[in-house]
Amino acid sequence: MSFLKRYLEFDVVVAGGGPAGINAAIASGRAGAKTLLIERYGFLGGMSTVALVYPWMTFHTSSGIQVIKGIAQEIVDRLMSQGGSPGHLRDTVGFTYSVTPYHPEKYKLLALDMLEEAGVEVLVHSFADQVEVEGNQIKSIKLTTKSGPITVSAKRFVDTTGDADIAYLAGAPCLKGRDSDHKTQPMTMKFRMRGVNLAMVKEAMKANPSNFYKKTPINELDELPLTGVQGFYKEWNESGVPINRDQVLFFAGPEEDEVLVNCTRVQGLDGTDVFDVTQGEKEGRKQVLMMAEFLQKNIPGFKKASISAVGTQIGIRETRRIDGQYALTIEDVVSGKKFEDTIALSGYPIDIHDPTGRGVQANDIQGDGSYGIPYRSLVPKKIENLLVAGRCISTTHEALATTRLTPSAMATGQAAGTAAALSITENTAPKHLNIKKLQAILVENGVVL
């Protein structure tokens, strides 16, 4: 693709190269649509690679039934074949049934390979910052790039930016945060440490079970590889470290002496405000150094550990989401509700990191342990040729605390990409799509409904 080409035309344009965008673009390309995936960084993976969100959790219900498959599982299978993932392992935190460790560098390359195989064109270092709308249709989006502005037109657009950037710029109704004050879940600067003795960590857990999360499978630790740890409550509460949280949380891997630390907490900032994000980046990196020092001094197995990687950017849990045709609610999730237009299932429980307090609100899913995500939650109001997937689909603040997780984002991405391509071949607006036909195609491609 020439840098001199200022105007590009596609059938489907997917904005945002995270897990939802990757899966949406693969699905669209495989369906025969001429597809472009746009990403602002120089690599794909979104929060999974940019912000070190790790591991993926979860593909299963609490009882171990796998409810997310399709392209998401294909990615895991191919990573496994390349030594880039051990596959789905039991969650030794006990919060979910399984976690899926992965090697971020191998994931970045695999994503590009799969997109190329699907005939998808990829444009990185490109930021979508203007949207041209005529009536109720997006005509084009304008990209800011190193080689100047590029205008991209398409029949269908899929917003997988995480922040609903395309929907918002197009004038589709959007919401942000909780209803009472619009505050969002906190940001987290994640980091990795090498030189950790995980055998010592495991022995500390077995020696003092009450110092760890109540669902930690202590009695199974001798048989299970250690994948995650939540607790060390005593050490944390006595530390005096000025981070507004109530426990230590880290996950093992991908290397044998390596952990991913999920402990910093930056609250009260808006992830769509560049001044707030600038402040958050600085605060997050300050907390990384504080947290690493605490771990080295106070936690068994960390004495010789050191920081090996810090997120390229701070991790964002929540910003804008569309106010779509249907907003998934906490009641829908907790009751395990399934919809006539279900396009994905998820078994991840409600997991709200308090926007202002220290704790996390967790609610389990009843019934068979899974809930359905309706197609209507991917369809915005007002804009007819736009679909949304990933973190910014239509939910309440509380329900977003489960749909934001990576496997769920992968699943909604596959649905949105499939729907975008199908709506073109059917010559109909996405909101009028034949749901039974869409569901049949998804099932044919390995999706569990």
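Me: What makes a space inside this predicted model a cavity?

Reply: A cavity is a set of grid points where a 1.4 Å probe fits but cannot get out. A search of the whole structure finds one cavity of 30 Å³ or more.

Me: What volume does the largest cavity have?

Reply: The volume of the largest cavity is about 50 Å³.

Me: Which residues line the largest cavity, and what makes a residue part of the lining?

Reply: A lining residue has an atom within 4 Å of a point of the cavity. For the largest cavity, the lining is made up of V67, I68, K69, A344, L345, A411, Q414, V447 and V448. Strand 16 (342-346) and helix 11 (406-425) are the elements that give two or more residues to this lining.

Me: How do the lining residues of the largest cavity divide by class?

Reply: Seven are nonpolar, one is polar and one is charged.

Me: Why are helix 1 and helix 4 called roughly parallel?

Reply: The axes of helix 1 (residues 19-30) and helix 4 (residues 104-117) cross at roughly 20°. Angles under 35 degrees count as roughly parallel, so helix 1 and helix 4 are roughly parallel to each other. Their axes come within 9 Å, and helix 1 passes helix 4 in a left-handed crossing.

Me: How do you know which residues make the contact of helix 1 with helix 4?

Reply: Contact means heavy atoms within 4.5 Å. On helix 1 the contact is made by P19, I22, A25, I26 and R30, and on helix 4 by Y107, A111, M114 and L115. By class, this contact has eight nonpolar residues, no polar ones and one charged.

Note on methods. Residues are numbered from 1 along each chain as its sequence is written. This is a predicted model: local features need pLDDT of at least 70, side-chain atom pairs count only at pLDDT 80 or more; totals for chains, interfaces and linings use all residues. Side-chain values use heavy atoms; hydrogens and water are left out. On a 1 Å grid over the protein atoms alone, a cavity is a set of points where a 1.4 Å probe fits but cannot get out, and a pocket is an open set with protein on both sides within 12 Å along at least five of seven lines; lining residues have an atom within 4 Å of a point. Grid points are joined across faces, edges and corners, and a volume is the space filled by probe spheres set on the points. Helices (H or I, at least four residues) and strands (E, at least two) are DSSP runs, numbered from the N terminus. Ala, Val, Leu, Ile, Met, Phe, Trp, Tyr, Cys and Pro count as nonpolar, Asp, Glu, Lys and Arg as charged, and the others, Gly among them, as polar. Axes are lines fitted to C-alpha atoms, for helices over the stretch in contact, and angles run from 0 to 180 degrees between N-to-C directions. Angles under 35 degrees count as roughly parallel, over 145 as roughly antiparallel, 65 to 115 as roughly perpendicular and the rest as oblique. A crossing is left-handed if the near helix is turned anticlockwise from the far one by less than a right angle, and right-handed if clockwise.
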